[in-house]
Amino acid sequence: MPIALKMKRLAYICLIIFVVTGSQSLFSAPPPPPTTKPPCWPPPCIPIDGGISALIIAGAAYGAKKLHDKKKKASEIA
């Protein structure tokens, strides 16, 4: 039996196995609805403002320090 025919047969067998196992997961029942309330409302709970303001303040302070150091270094050179 030629190798090409063996590979073709193997490909068909793999395709059949994939279709049989894949169709089982596609037609499965959906998960049950959650029984508890979400931790915040409205879901999804995304903590956008929790750290952004602190990050902006830290960035502004870092920029101010860098600007101060640059001016101090320029005044020492001149």
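Leu15 counts as partly exposed, because its relative accessibility is 49% and the exposed class begins over 50%. This residue sits in helix 1, and everything described here comes from a predicted model. Let's start with that residue's surroundings and then look at the rest of the protein.

**The patch around Leu15**
- Leu15 belongs to a nonpolar patch on the surface, together with Tyr12, Phe18 and Val19.
- Taken together, the four residues of this patch have about 460 Å² of accessible area.

**The overall build**
- The protein has two helices and zero strands.
- Its radius of gyration is 31 Å, well over the 12 Å that the globule rule gives for 78 residues, so the protein is more spread out than a compact globule.
- If you follow the C-alpha trace along its principal axes, the protein spans about 90 × 50 × 10 Å.
- Buried residues account for 1% of the 78 residues.
- The accessible surface of the protein is about 7,700 Å², and carbon and sulfur atoms contribute 73% of that surface.

**The loop and Pro32**
- Helix 1 covers residues 3–26 and helix 2 covers residues 49–77, with Pro32 in the loop between them.
- Pro32 is exposed because its relative accessible area is 70%, above the 50% cut-off.

- Side chains of opposite charge can pair when their charged atoms come close.
- The structure holds one salt bridge, and the side chains that meet in it are those of Asp69 and Lys65.
- Asp69 counts as partly exposed because its relative accessibility of 32% falls between the 20% and 50% cut-offs.

**Lys70, also in helix 2**
- Lys70 is another residue that lies in helix 2.
- With a relative accessibility of 62%, Lys70 counts as exposed, since that value is over 50%.
- Lys70 and Asp49 are 21 residues apart in sequence, and from C-alpha to C-alpha they are 32 Å apart in space.

Terms used: Residues are numbered from 1 along each chain as its sequence is written. This is a predicted model: local features need pLDDT of at least 70, side-chain atom pairs count only at pLDDT 80 or more; totals for chains, interfaces and linings use all residues. Side-chain values use heavy atoms; hydrogens and water are left out. Helices (H or I, at least four residues) and strands (E, at least two) are DSSP runs, numbered from the N terminus. The radius of gyration is taken over C-alpha atoms; the globule rule is 2.2 Å times the number of residues to the power 0.38. Buried means under 20% relative accessible area, exposed over 50%, partly exposed in between (1.4 Å probe, protein chains only). Accessible areas come from the Shrake-Rupley method with a 1.4 Å probe; for residues, only the protein chains shown count as cover. Patches are made of residues with over 30% relative accessible area and no salt bridge: like charges are joined within 9 Å, nonpolar side chains (Val, Leu, Ile, Met, Phe, Trp, Tyr) within 5 Å.
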